[in-house]
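Please look over the sequence and the model shown here before reading on. The paragraphs that follow go from the overall fold to single residues.

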Amino acid sequence: MKRIITSILLILGLSLSLSAQSKMENKAAERAEKFNTEIVAGDKSQALTDDQIAQITELEMNRLKEVRGLRKSNADKEAIKAVNKKYFKQMYSEVLTKEQKKARSKGKDKVKN
């Protein structure tokens, strides 16, 4: 009887963990698509490549994991801001081209309005 209960609890725990992981992946993919939408709104010729979308999604996943860990450990807002700044700086300096950055700044205003 103990084995059955233990097995059920283990399966339940794993399924909840996978569900949370899936939500994070979806959120990261949505963020990458939002970036691409903003860039395309500024200049259609500067759309993100599949490789860039994958890189942004990966960076966003890492950022979300790190922020989640900080929130669980009750870190202050400044620590969370520092993590966000680190990942966004990496995204802008290593993934996006200069032209894409310009297109995103133009497109971001268009998407808001």
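Which pattern does the chain follow when it is read along the sequence? The chain follows the pattern α-α-α-α, with four helices and zero strands, where helices (H or I, at least four residues) and strands (E, at least two) are DSSP runs numbered from the N terminus. This is a predicted model, in which local features need pLDDT of at least 70 and side-chain atom pairs count only at pLDDT 80 or more, while totals for chains, interfaces and linings use all residues. Residues are numbered from 1 along each chain as its sequence is written, and side-chain values use heavy atoms, with hydrogens and water left out.

Of the 113 residues of the chain, 28% count as buried; buried means under 20% relative accessible area, exposed over 50%, and partly exposed in between, with a 1.4 Å probe and protein chains only. Helix H1 covers residues 2-42, and Ala32 has its place in this helix. Ala32 counts as buried because its relative accessible area is 0%. Between Ala32 and Glu58 there are 26 residues in sequence and 9.4 Å in space, taken from C-alpha to C-alpha.

Ile5 also has its place in H1, but it is partly exposed, with a relative accessible area of 45%. Together with Met1 and Ile4, Ile5 makes a nonpolar surface patch of about 360 Å². Patches are made of residues with over 30% relative accessible area and no salt bridge, like charges being joined within 9 Å and nonpolar side chains (Val, Leu, Ile, Met, Phe, Trp, Tyr) within 5 Å; a salt bridge is a side-chain nitrogen of Lys or Arg within 4 Å of a carboxyl oxygen of Asp or Glu.

Helix H2 has 23 residues (50-72), which should span 33 Å at 1.5 Å a residue, and its end C-alpha atoms agree with this, being 33 Å apart; the expected span is 1.5 Å times one less than the number of residues. Buried residues of H2 include Ile53, Leu59, Leu64 and Val67.

Helix H4 (residues 98-112) holds Lys102, which counts as exposed at 52% relative accessibility. Lys102 gathers with Lys98, Lys101, Lys106 and Lys110 in a surface patch of positive charge.

Definitions and conventions:
Accessible areas come from the Shrake-Rupley method with a 1.4 Å probe; for residues, only the protein chains shown count as cover. Lys and Arg count as positive and Asp and Glu as negative; His and the chain ends are not counted. The place of a charge is taken as NZ of Lys, CZ of Arg, CG of Asp or CD of Glu.
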